[in-house]
Amino acid sequence: MGAVTYPDSRVAEFVVSRMIPVQLLFDAQPYAAQYNIKWTPTMIVLDPEGKEHHRIVGFLPPDEFVPGLLLGIAKVSFDRDDLEGALPDLERIISSYPRSAAAPEAMYLRGVVQYKTTHKAEPLKEAFEQLKRDYPSSEWAKRAMPYGLL
Amino acid sequence: MAEVKWTSDMSAALSLAKSEGKPILLDFFNPG
């Protein structure tokens, strides 16, 4: 990560503008135990209270890492019931990084956010149809299968 | 050009995260 991904200008600009970066040795206590670190690199997205919302284990190149962080930030918003805050980051993953590993989960979560916002079932059904069309082999298409029956 | 400036001071990072309303990127690494 330190040789390839963090020096990348897209990654650096994203992290500087959107996050507070903390770097610790894999055995730095008490945090290695608190966050159950078993392998490196491990990157965790925390809310300002220190609560974990998203974890990436293993190297990711820049074009996967930025959408991975966006998903983590969106999960921070979602988990804290800030649905309006989550939606733009999910939309950005889907529109700007459609080939990333984060995109199917973002599409699923966007459907959930829209459902929770509107209290209508259509967004869930649309999420399933979009996942079936764009990411048919993803686990998120499978997780959304029940929404196809709505 | 932007450069990631890391801190290893978790307490300071949490305070900054609260004041700026930003999430934390916590990176555990092995220099070996």
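Reader: To begin, how many helices and strands are there in chain A?

Author: This is a predicted model. Chain A has seven helices and three strands. Along the sequence they follow the pattern α-β-α-β-β-α-α-α-α-α.

Reader: And what is the radius of gyration of chain A?

Author: The value is 16 Å, close to the 15 Å that the globule rule gives for 150 residues, so chain A is as compact as a globular protein of that length. Along the principal axes, its C-alpha atoms fill a box of roughly 50 × 30 × 30 Å. Of the 150 residues in chain A, 39% count as buried.

Reader: Turning to the sheet: what is the order of the strands?

Author: The order is E1(A)-E1(B)-E2(A)-E3(A), an open sheet of four strands with mixed pairing. On average, neighbouring strands are turned by 20 degrees against each other, direction ignored.

Reader: Which strands stand at the edges?

Author: Strand E1 (20-25) and strand E3 (52-57) of chain A do. Each has a single partner strand, so one side of each is left without a neighbour in the sheet.

Reader: In which sense do E1(A) and E1(B) pair, parallel or antiparallel?

Author: They pair in the parallel sense, over six bridges. Within that pairing, A:Leu24 stands opposite B:Phe28.

Reader: And E2 of chain A with E1(B), parallel or antiparallel?

Author: Strand E2 (residues 42-46) of chain A pairs with E1(B) in the antiparallel sense, over five bridges. Here A:Val45 stands opposite B:Leu25, and A:Thr42 has B:Phe28 as its bridge partner in E1(B).

Reader: What is the bridge partner of A:Thr42 in E3(A)?

Author: That partner is A:Val57. E2(A) and E3(A) pair in the antiparallel sense over five bridges. Their hairpin has five residues between the strands, and A:Gly50 there takes a positive phi near 90 degrees.

Reader: How many of the six residues of E1(B) are buried?

Author: Five of the six are buried, so E1(B) is largely enclosed by the rest of the structure.

Reader: Which helices lie across the sheet strands?

Author: Helix H3 (residues 62-79) of chain A lies across E2 and E3 of chain A together with E1 of chain B, and runs at about 160 degrees to E3(A). H1(B) lies across E1 of chain A together with E1 of chain B, at about 165 degrees to E1(A).

Reader: Now the contact between the chains. How many residues does it take from each of chain A and chain B?

Author: It takes 32 residues from chain A and 23 residues from chain B. On the chain B side, the elements that give two or more residues are helix H1 (10-20) and strand E1 (24-29). By class, that side of chain B has 15 nonpolar, four polar and four charged residues.

Reader: A change of topic: how many residues has the largest nonpolar core?

Author: The largest nonpolar core has 49 residues. Those with the most contacts inside it are A:Ala74, A:Ala106, B:Ile24 and B:Leu25. H3(A) gives the most to this core, with nine residues.

Reader: What does A:Ala106 touch?

Author: Not counting residues up to four places away in sequence, A:Ala106 touches A:Leu71, A:Ala74, A:Leu90, A:Ile93 and A:Ile94.

Reader: One residue of interest to me is A:Met43. Is A:Met43 buried or exposed?

Author: A:Met43, which lies in strand E2 of chain A, counts as buried because it has 25 C-beta neighbours inside 10 Å, and the cut-off for a buried residue is 20 or more.

Reader: Which residues is A:Met43 in contact with?

Author: Leaving aside neighbours within four places in sequence, A:Met43 is in contact with A:Ile56, B:Leu25 and B:Asp27.

Reader: And how far apart are A:Met43 and A:Ala12 in sequence and in space?

Author: They are 31 residues apart in sequence and 15 Å apart in space, C-alpha to C-alpha.

Technical notes:
Residues numbered from 1 in each chain as written. Chains lettered and ligands numbered in written order. Predicted model: local features only at pLDDT ≥ 70, side-chain atom pairs only at ≥ 80, totals over all residues. Contact = placed C-beta atoms within 7 Å. Nonpolar A, V, L, I, M, F, W, Y, C, P; charged D, E, K, R; others polar. Pairing = 2+ DSSP bridges. Rg over C-alpha atoms; globule rule 2.2 N^0.38 Å. Buried ≥ 20, exposed ≤ 12 C-beta atoms within 10 Å, placed from the backbone. Axes fitted to C-alpha atoms, helices over the stretch in contact; angles between N-to-C directions. Core = buried A, V, L, I, M, F, W, Y, C linked by C-beta atoms within 7 Å.
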